[in-house]
Amino acid sequence: MSGNREKMHTGELYQPGDPEILSWQMQRLDRLYDYNMTRPTEGEKREALLREMLAEVGEGCYIEPPFHTNLGGAHVHFSKYVYANFNLTCVDDTHIYVGDCTMFGPNVTLATAGHPILPELREKGLQFNMPIRIGRNCWLGAGVIVLPGVTIGDNVVVGAGSVVTKDLPDNVVAVGTPCRVLQEVNEHDREYYFKGRKMDSSMLE
């Protein structure tokens, strides 16, 4: 393994155009292409491909094609019952960890890769990567973007279109660009599921 490939997981600047990385990347992207070309009726084939593509995938996971990743899911770790609507983009140059029962709306982007601000370094094509960690039972709404190095706690709702630049604690609703905590999940949410709409309390049993 080349020094550049090792630096993909250290946060150091490295050269992503290293021939070893590019060769490995192309093989994995071919598999991703196979996944995206599956028919809706080919559920078992999709499951088998996900087990082959992703670093980890628990039972009951579903990713609606098209699914986009930079390294074919090589560094994507999904626990159980993760659901992703169409156009999930995982810039998985380093590791992305997602907990049980988390859901992604359409067009969510999880980006672990960054580039230096200094133009002379960008001109050299240098890059760095920082891992993303998302807890269990989260919901990231349509169009959410999560930036490198961010950790999102358990039971978090991120509003549609938000850009998450910093860590979020457990049990909050967060919105905006940059994303900020709007409120904690509270007793009101045990009675109302959307605006003034009350839920049937038996659903909590």
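This is a predicted model: local features need pLDDT of at least 70, side-chain atom pairs count only at pLDDT 80 or more; totals for chains, interfaces and linings use all residues.

I'll go through the cysteines, then the aromatic rings, then a few strands.

Okay, cysteines. How many disulfides does the count come to? It comes to 0. Take C101. Its closest cysteine sulfur is the one in C61, and that is 9.3 Å away, so it's too far for a bond; the cut-off for a disulfide is 2.5 Å. C138 isn't in a disulfide either: the nearest cysteine sulfur, that of C101, is 10 Å off. So is C138 buried or exposed? C138 has 1% relative accessibility, so it counts as buried. C101, on the other hand, sits at 31% and therefore counts as partly exposed, since buried means under 20% and exposed means over 50%.

Now the rings. Just as a reminder, we describe a pair of aromatic rings by how far apart the centres are and by the angle of the planes. The count here is 3 aromatic pairs, and I'll show you two of them. Y35 with F67 is an edge-to-face pair, with 6.4 Å from centre to centre and 75 degrees between the planes. What I like is that this pair links distant parts of the chain: Y35 belongs to helix α2, residues 19–36, while F67 belongs to strand β3, residues 67–69, and the two are 32 residues apart. Both Y35 and F67 are buried.

Then there's F78 and F104. Their ring centres are 6.3 Å apart and the planes are at 25 degrees, so this pair is stacked. Again, distant parts of the chain get linked: F78 is in strand β4, residues 76–78, F104 is in strand β8, residues 103–104, and 26 residues separate them. F78 is buried, with 3% relative accessible area, and F104 is buried as well, at 1%.

While we're on rings, have a look at W24. The charged end of R5 sits over the W24 ring, 3.8 Å from its centre.

Find β18, residues 172–175, which pairs with β16, residues 157–158, in the parallel sense over 2 bridges. There, V158 stands opposite A174 of β18. β18 also pairs with β19, residues 180–184, this time in the antiparallel sense over 4 bridges. V173 has Q183 in β19 as its bridge partner. And what about the hairpin of β18 and β19? There are 4 residues between the strands, and G176 takes a positive phi near 105 degrees.

That's my tour, so over to you.

Notes:
Residues are numbered from 1 along each chain as its sequence is written. Side-chain values use heavy atoms; hydrogens and water are left out. Buried means under 20% relative accessible area, exposed over 50%, partly exposed in between (1.4 Å probe, protein chains only). Two strands pair if DSSP finds at least two bridges between them. Rings of Phe, Tyr and Trp (its six-membered ring) pair if their centres lie within 6.5 Å; planes under 30 degrees apart count as stacked, over 60 as edge-to-face and the rest as tilted. A charge sits over a ring if NZ of Lys or CZ of Arg is within 6 Å of the ring centre and within 35 degrees of the ring normal.
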